Amino acid sequence: MKIHKYDTVIVGAGGAGMRAAIESTKRSRTAVLTKLYPTRSHTGAAQGGMAAALANVEEDNWEWHTFDTVKGGDYLVDQDAAEILAKEAIDAVLDLEKMGLPFNRTPDGTIDQRRFGGHSRNHGEAPVRRSCYAADRTGHMILQTLYQNCVKEGVEFFNEFYVLDQLITEVDGVKTSAGVVAYELATGEIHVFQAKAVIYASGGTGKFFKVTSNAHTLTGDGQAACYRRGLPLEDMEFFQFHPTGIWRMGILLTEGARGEGGILRNKDGERFMEKYAPVMKDLASRDVVSRSIYTEIREGRGCGPEGDHVYLDLTHLPPEQLDAKLPDITEFARTYLGIEPYTDPIPIQPTAHYAMGGIPTNVEGEVLRDNTTVVPGLYAAGEVACVSVHGANRLGTNSLLDINVFGKRAGIAAAEYSAKSDYVDLPENPASFVAEQVERLRNSTGSERVSVLRKELQETMDANVMVFRTEQTIKTAVEKIAELRERYLNVSIQDKGKRFNTDLLEAIELGNLLDLAEVMAVSALARKESRGGHYREDFPNRDDVNFMRHTMAYREVGDDGTQSIRLDYKPVVQTRYQPMERKY
Amino acid sequence: MTAPTLEKREAGFADSPYITATFRIRRFNPEVSEHAVWEDFQIEIDPKERVLDALHKIKWDVDGSLTFRRSCAHGICGSDAMRINGKNRLACKTLIKDINPEKPITVEAIKGLTVLKDLVVDMEPFFQAYRDVMPFLITKGNEPTRERLQSAEDRERFDDTTKCILCAACTSSCPVFWNDGQYFGPAAIVNAHRFIFDSRDEAGEQRLEILNDKDGVWRCRTTFNCTDACPRGIEVTKAIQEVKRALITRRF
């Protein structure tokens, strides 16, 4: 075991982690721990753009953007945070441009903007061009630009280091972050990083679904590490299903395709979104569009022999426009489906895309241990966190924005905290939890296989807690997850070595997914209403009287060692917008 | 709207027969043996799946110790460049039906970088060459309040080289790089190109001097391996030629 000491440790090197690192490295001795290489992070898969009311191409302002964000999130958004997001969006985009990001340009040389789902002029009047973009590879450009600037600033990376535990020490009775424990993939060595401040920026949990746009590596490691140490997870029942994933594969096809004029059609060729969202049509918010697609499929208007998908039609758009604005997604269609998008519509289905919930933080990125109290020295930003700017449903282009605005805020706040704080003592045997976990798996002889359990988990999640949920389906998922958790204790791996043991890490990642899937299902069961991405067929309406509040899920361990989940609730911060009926 | 061609393809999808394919994989694990060996795995698989799916099938159902890097699984993250049937490709962008599954499909680590285990190589020399070309925008003077202006044409000038995902498929396909690890390699030059031809950048001369080094662009022998290997379709050799020309003319 090695012990390292840094002022600030950042867990994850995607957009939020690297944006934080650029700030924190200037102000404190910083280490960035990533289980991949920085440029492999899934920020790079984001396509369509980053919202900011630059008003470069038409009238726009941050107040409209705030409203759209609140409405898009079905009024579960904390409105103070949404206002910060929309206001600071403008500088966040300009910062990236100055760092070198090659945005597409208007004829007069300013940053070009395009339409995106749920973004409107004047509180829902009509779609507005608010998304700043670089073709359909905006996330790729953000990830590259941030990495380039990390190289420039001399940010210190520990690549292929898996953070598996959060260390917490009580200082005068106050739970305080002491550092993290990481496992080095190349050698199997365990490293303790003592740090004054820790920032989680480790991304989402999409891999508990089968059809997902998420990378194999998005297994909620950060959420699980904090949750296991008694910290709450907020709003985990809210998961976004992106309307246009490649049929069966789940690979993302950007909403920018519809922003450029693409149309969703059922088997009769009907533009069905006109029925569900007369104003915004194909550019309604993602929860609305995904439900509409499944309604078409359920009512027998799906395409293909099994009627299990619909079409994204780009055939009426000029090939030059597709080449210039949507080169990557048209190539995906050619590579993975053998389809030519110039002439053929693309089969799509909703794909599990984004966790609105996560580690609760305030607007400075400080992690909360209950509804109001911060954990000194602990921060989170990006998809791993829940500020909450996305509420019950995130708007497209608001996640690339979130990572930049709150990544920067967390980086500054954490480094400033480091500068004025001392190290707290590490707990006794700080590496013991990770060491035991690794040894148990390495010596395992059980009969269960990781890949089998993971597949069963993904199938039950797809079948029971996806776009449509009922008490019955969620209970089925809860029971199945409990069974899988039991069987997980009997899991064994084949690779017993120390060197690049990805077999071992996949087993640990599955443990994280099982913990988080359980939190998600239990949170969803208790929310007896429909709001944003959480749709209950048995409670199809939003219930502001009983449920306009955030879910806070805590892991409880009884005296006899039995684990359970305790749910609590946190009020939503409302400033200027009263909840209204949500129409697009 | 009708889409007859698509319906036909979908019908093909539905009754798609699984085939038996042999994957011949170059295994190496110094914890077990200092020698690398070829190992054959026969699996049942839909030929429309990717080589990455096949590797997962082997790892998950047959041999958990098979080791490779991967993340996004659709050609964006750059983790899974490997040598498939002797050619550098991303495993997640290579469909099995496109590489003749009737014969054994060979899979091995990319060349020119030290193999650490199975398909995993040491990427550090690759990233060091990248860092050496100063891969970040360098400007002088005060920053403008708003964005820097750039015409659509100026933006287009370096569009091709912004697509790089640092997968190393190009660099590890280059015979010069195989023989001399000191050579910067195509990927680093591509990333220098991305800034040299960016109208906002003001350090072109500096970058050109770095690439004028004995291990710089002049080592390129224009074999086009890099262009063939690039999974993003970047015209790598052309970019290297443009840097060479800029060195001679000092115009960029």
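1. Does Pro104(B) count as buried, exposed or partly exposed, given its C-beta neighbours inside 10 Å? With 17 such neighbours, Pro104(B) counts as partly exposed, because a residue is called buried if 20 or more other C-beta atoms, placed from the backbone, lie within 10 Å of its own, exposed if 12 or fewer, and partly exposed in between. Pro104(B) lies in the loop between β4 and β5 (105–108) of chain B, where helices (H or I, at least four residues) and strands (E, at least two) are DSSP runs numbered from the N terminus. Leaving out residues up to four places away in sequence, Pro104(B) touches Thr22(B), Arg24(B) and Asp40(B), a contact being two residues whose C-beta atoms, placed from the backbone, lie within 7 Å. Pro104(B) and Ala81(B), 23 residues apart in sequence, are 19 Å apart in space, C-alpha to C-alpha.

2. A word on the basis of these remarks: this is a predicted model, in which local features need pLDDT of at least 70 and side-chain atom pairs count only at pLDDT 80 or more, while totals for chains, interfaces and linings use all residues. Residues are numbered from 1 along each chain as its sequence is written, and chains are lettered from A and ligands numbered from 1 in the order in which they are written.

3. Chain A has 584 residues, for which a compact globule would have a radius of gyration near 25 Å, and the 23 Å of chain A agrees with this; the radius is taken over C-alpha atoms, and the globule rule is 2.2 Å times the number of residues to the power 0.38. The C-alpha trace of chain A spans about 65 × 50 × 50 Å along its principal axes, and 64% of the residues of chain A count as buried. The secondary structure of chain A comes to 16 helices and 20 strands. Among contacts in chain A with a separation of 6 or more, 76% are between residues 24 or more positions apart.

4. One open sheet of chain A is formed by three strands in the order β3-β5-β4, with antiparallel pairing; two strands pair if DSSP finds at least two bridges between them. Its edge strands, each pairing on one side only, are β3 (50–51) and β4 (113–121) of chain A. Between β3(A) and strand β5 (residues 126–132) of chain A there are two bridges, and Met50(A) stands opposite Cys132(A) in β5(A).

5. Gly446(A) is found in the loop between α12 (432–442) and α13 (450–464) of chain A, and counts as partly exposed with 13 C-beta neighbours inside 10 Å. Apart from its neighbours within four places in sequence, Gly446(A) is in contact with Asn490(A), Val491(A) and Ser492(A).

6. In chain B, the domain assignment gives domain 1 (14–121) and domain 2 (124–249), such bounds coming from an automatic or database domain assignment. The contact between them takes 13 residues from domain 1 of chain B and 14 residues from domain 2 of chain B.

7. Where the two chains meet, the contact takes 45 residues from chain B and 50 residues from chain A. On the side of chain B that touches chain A, the largest share, six residues, comes from α1(B). The residues of that side divide into 19 nonpolar, 12 polar and 14 charged, where Ala, Val, Leu, Ile, Met, Phe, Trp, Tyr, Cys and Pro count as nonpolar, Asp, Glu, Lys and Arg as charged, and the others, Gly among them, as polar.
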